[in-house]
Amino acid sequence: MSTRPIPAQSTVPSVAQPYAVFEARGITKIYRMGEVEVPALRGVDLDLFEGEFVVLLGPSGSGKSTLLNILGGLDVPTSGSVRYRDHDLTKDDDAHLTGYRRKHVGFVFQFYNLIPSLTARENVALVTEIAAHPMTPEEALGLVGMSHRLDHFPAQLSGGEQQRVAIARAISKRPDVLLCDEPTGALDIETGILVLDAIERVNRELGTTTAVITHNAAISGMADRIVSVADGRIAQVRVNTHKQAPSELAW
Amino acid sequence: MFRFLRAIDRKLVRDIWHLKGQMTAIISVIACGVATFVMSLTALEALRTTQEAYYDRYRFADVFAYLKRAPNTLIPRLAEIPGVAHVQTRVARDVILDVPGLPEPAAGRLISIPEVERIDLNALHLRSGRYIEPGRDDEVLVTDGFAVAHGFHPGDRVTAIINGRRRQLRIVGTVLSPEYIYTIRLGSLVPDDKRFAIMWMGERSISAAFDMEGAFNDIALDLMHGADEQEVIDRVDRLIEQYGGMGAHGRRDQISHRFVSDEIKQLERMGTIVPSLFLSVAAFLLNVVLSRIIALQRDQIAALKAFGYSNFEVGLHYMKLVLVVVVLGVATGCGVGCLLGRHMTTMYAKFYKFPILLFSLPAKVIVLAFLVSLVAAAIGTLGVIRKAVKLPPAEAMRPEPPTSYRPTILERLGFASWFSQPARMILRHIERRPLKSFFSMFGIAMAIAVQLLGRFPADSLGHLLELQFHVSERQDLRITLYESASWQGVYELQHLPGVLRVEPRKMVLVRFKNGHITRRTLIQGLVDEPVLNNLIDEQGRTVELPEEGVVMNAKLASVLGLKLDDTVTIQFLQGTRQTVEVPVTRLISENLGTFAYMNLRALNRLMQEGNSFSEVNLSADLDQYDQLYEQIKKTPRAANVAVKQVSVDSFRRTVMDNMLQMQFFNVIFACVIAFGVVYNTARIALSERGRELASLRVLGLTRGEISFILLGELAVLTLAAIPFGIGCGLILVKLVCHFLNSEMYRIPFVITAKTLGMSVLVVVVAAIVSGLVVRRRLDELDLIAVLKTRE
Ligand SMILES: Nc1ncnc2c1ncn2[C@@H]1O[C@H](COP(=O)(O)OP(=O)(O)OP(=O)(O)O)[C@@H](O)[C@H]1O
Ligand SMILES: [Mg+2]
């Protein structure tokens, strides 16, 4: 793995220039809480390329989730622009953003956000029912090793199992973009590897552009690039030349 | 079927199931509103359509007039009046009946009919038997109600006292008449089928019996389309004036029509006021519950949105929830309302004599009930759903920030040390959301108010009954005479067996005029210091009758636009028919009718009739009733006899029983509201604070202690709601009294302490039961589950 820092906006040096699926320029996000302003992002430039696997690292409160939310069309930046292919996400209205999320994005949330009144299978079906070319819920749950828990409700699942259902839900629609906020936060090594395998497979087999937030630096091993976020800015972008399979990661 | 539902709809089904208690409560409240709505509207529909069809088919007349005696030569002149389509003239007389098996005399009215049946106004509907046959002068048709009450069949006989002679009449048929849908005799409050009969008798025999050959004393007119009724009435009055006309009148003053129409009007009002009340409460509950659901499901809404569910789909999801509640509420309500409507219609069939009274549940009523409930639900929930739709997806991904509390006013004022820690938690929770706490309190208060509303009619009716039959009318018997009698008659009556006291009264039909406003009503001439017929106001206080001038019922005065000491024109429609100007010397608030009163001597002086009267009130010795009745049945002058105790009993039997039945439903409805509001409030509190309370349990607080925190809030709200609810209830009752205020009656604003107590008690019990249900849930509080799931 190379540790050579390169500027964020620079592209991966390769023969065939890969296509930048995302192009974020100068994005800032300021939360206004009454009198106080909380700057979560202070000017971020970032490109994500077609089919690449990016890991986002950074201390708590550095703005990782905020950035991911903006890329996923959940939130709009205070200033700056974000382009997804030929869409300008910052100029899209609410309906267009919804359409964008529905067609292209798969999310894994930091807090899982499962619907407590739906079983694992139904939580996944919730997404596959509105997707164009989805897997079956059983297939998606199989990928994260949850075939034996299809009809359990979230309250009957452990934290890690809930997280895996959340991941199955995100990958089930075969999204163009997969955005994961700490997908392995609650998992032990073995299931962590299982989950990462599933993510990696979707990334590899479907060419899904994938961004994963993690506090576990070891996961960087399977990334194409590692983006470090600190204090609302991109501190560093590293290219990983030795991509490892999840099972080879040293936890 | 469940398997084919989309995942998001399964969520809906499970959410609803999870909230089944609260949903049931709201559905019940909606159902109550819809039930009253459907009940009133179906009963209304049944009454109205039947009335219209009946009037139409049996040619119910438009204008009526009664006079002393006019020659048949007047008929063409009546027919010539512009606008008159058809003239019917009859001979009609009140008689006393001696009915086998009935000790007291009954009242009858004989009305002439053609010997050979022909199409005419006020046609009769033959229920059983046959029409009379020409030449048989003892044959009569009687009202079906009377025949049924006595088990009479065609062929049975009744004795009538005609011109002082007993005469056997043979019943050949039983009939219904559009003129007597509500078969009530003048001066009584409710129909009495046993003691009042209308009998139709051949023209020739009735004329012979009353010396009315070639003459008539009763007119009914049918008007052409677009005719001016008032104009016709005026012209008829001018024509019959010299024949002792007592003032023509339209349907508005026809007793039976008046009662049925008033009932219809009342149903209309009941069909709007009560359902609005219930539906507002339902809207409020839906608002509270949905707000809570949406607050709880912030993260779920965010997730749905993140996956690409549109705002519309999210909004629709919650709207479906509301829709399910509304549909179930309306369906239940329609079912219950249908039953109640049917019950009400059967009840009406007892009171109102229609050939048929068909109950039906028209689709438009259901649609209307659904739309109205939907509008109420929309008012309650659209704002909340909008908030859910507007929730920015990223924002919702973050856990809700801890709610900010601060010391309550009481604590800031330095009373902190007065409260224990849990008590402080209760107060802070209430104070943190004053609006929500207020609404919960308001909801409970409404439950008390609805209770009062449901219970007060019995109180005011009881009050009315007490005033009417115990304070005002203290006679045992009242005899109405054909003609005004002179003082001599009083002495005669005094010598009847068992009679203790006799008090004459004079009822005179008059027309009051002030400017162009006129009213046809009765003046009662009362003796000085009456004992048997006390003049009282609505409070039951005896009213001193001035020597001169007229005492006017406040309602009549206000209709006529008169004040105390104004002068009013009185046109007597009986006797020598003078028109005089009289000062209004006293106003009196009364609950019934639009009457006026005068000192009997002053009245007679004005009418130039010496010492005469038209009625006597008697008090008599109970032991000798049989003899007394026998004597009265022989009195040629008596046109009508009313035994007070019988009137009281029949009033109680009919009106009070029905009222108590209705009240029973109202009380059930009110309980539903009480339970719905209190239970919901408790459940919401549990849902909002379950986590906090579970944490406290983990920290070592006992079940009792956490129950105190949760239920204490409920107790505080319930206690606060009691005075507030009583206040709201009194205002509502006042409003309803005001709404139902008519010329026929003013509902007295009377609420007994018992009613107040019961209303409060029911709500307190509902609160305690809800509290216990929630308390059981607290005991089952799954500490692990609560702490594991994120809220
Ligand atoms: N809705 C909001 N309102 C106010 N401040 C917010 C909001 N969302 C995020 N912030 C603030 O913005 C900053 C960045 O938050 P963000 O959630 O992006 O951090 P993060 O890098 O994901 O942290 P973690 O690793 O702990 O999840 C934090 O200081 C946070 O307090
Ligand atoms: Mg985060």
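**A tour of the model**

Colleague: How many helices and strands does chain B have?
Modeller: Helices (H or I, at least four residues) and strands (E, at least two) are DSSP runs, numbered from the N terminus. Counted that way, chain B has 22 helices and 20 strands.

Colleague: Which ipTM and pTM does the model score?
Modeller: This is a predicted model, where local features need pLDDT of at least 70 and side-chain atom pairs count only at pLDDT 80 or more, while totals for chains, interfaces and linings use all residues. Residues are numbered from 1 along each chain as its sequence is written, chains are lettered from A and ligands numbered from 1 in the order written, and side-chain values use heavy atoms, with hydrogens and water left out. With that in mind, the model scores ipTM 0.83 and pTM 0.80.

Colleague: Which element of chain A has the highest mean pLDDT?
Modeller: Among the elements of chain A, the lowest mean, 86, belongs to helix 6 (residues 189–206). The highest, 95, belongs to strand 3 (residues 53–57).

Colleague: What percentage of the residues in chain B is buried?
Modeller: Buried means under 20% relative accessible area, exposed means over 50%, and partly exposed is in between (1.4 Å probe, protein chains only). Chain B has 791 residues, and its buried share is 56%.

Colleague: Why is the site of ligand 1 shared between chains?
Modeller: A residue is near a molecule or strand if one of its heavy atoms lies within 4 Å of it. There are 15 residues around ligand 1, and A:Ser60, A:Gly61, A:Lys64, A:Ser65 and A:Thr66 come nearest. The site is shared because the residues surrounding ligand 1 come from chains A and B.

Colleague: How far is an oxygen atom of ligand 1 from an N or O atom in the side chain of A:Thr66?
Modeller: A polar contact is a pair of N or O atoms within 3.5 Å; within protein, one must be able to donate a hydrogen and the other to accept it, and residues adjacent in sequence count only if both atoms are side-chain atoms. A backbone N or O atom of A:Gly63 lies 3.0 Å from a ligand oxygen, and for the side chain of A:Ser65 the distance is 2.7 Å. For the side chain of A:Thr66 it is 2.5 Å.

Colleague: How much of the area of ligand 1 does the protein bury?
Modeller: Accessible areas come from the Shrake-Rupley method with a 1.4 Å probe; for residues, only the protein chains shown count as cover. Taken alone, ligand 1 exposes 640 Å², and the protein buries 79%.

Colleague: Which element gives the largest share of the shell around ligand 1?
Modeller: Two elements of chain A give two or more residues to the shell, strand 1 (20–33) and helix 1 (64–71). The largest share, three residues, comes from helix 1 of chain A.

Colleague: Which helices of chain B do the buried residues of helix 3 of chain A pack against?
Modeller: Helix 3 (residues 120–128) of chain A is mostly covered, with eight of its nine residues buried. Among them are A:Val124, A:Leu126 and A:Val127. Within chain A, these buried residues pack against helix 4 (137–143) and helix 5 (159–171). In chain B, their partners are helix 1 (7–18) and helix 8 (298–306).

Colleague: Is B:Gln451 buried or exposed?
Modeller: B:Gln451 sits in helix 14 (residues 434–472) of chain B. Contact means heavy atoms within 4.5 Å, and B:Gln451 touches residues including B:Val667, B:Cys671 and B:Met758, not counting residues up to four places away in sequence. Because its relative accessible area is 0%, B:Gln451 counts as buried.

Colleague: Which residues does B:Val672 touch, leaving out those up to four places away in sequence?
Modeller: B:Val672 is in helix 19 (residues 644–698) of chain B. At 22% relative accessibility, B:Val672 counts as partly exposed. The residues it touches are B:Ser28, B:Val29 and B:Cys32.

Colleague: What distance separates the C-alpha atoms of B:Met224 and B:Asp62?
Modeller: B:Met224 lies in the loop between strand 10 (215–223) and helix 6 (229–240) of chain B, and is partly exposed at 45% relative accessibility. Although B:Met224 and B:Asp62 are 162 residues apart along the chain, their C-alpha atoms are separated by 9.6 Å.

Conventions: pLDDT = per-residue confidence, 0-100.
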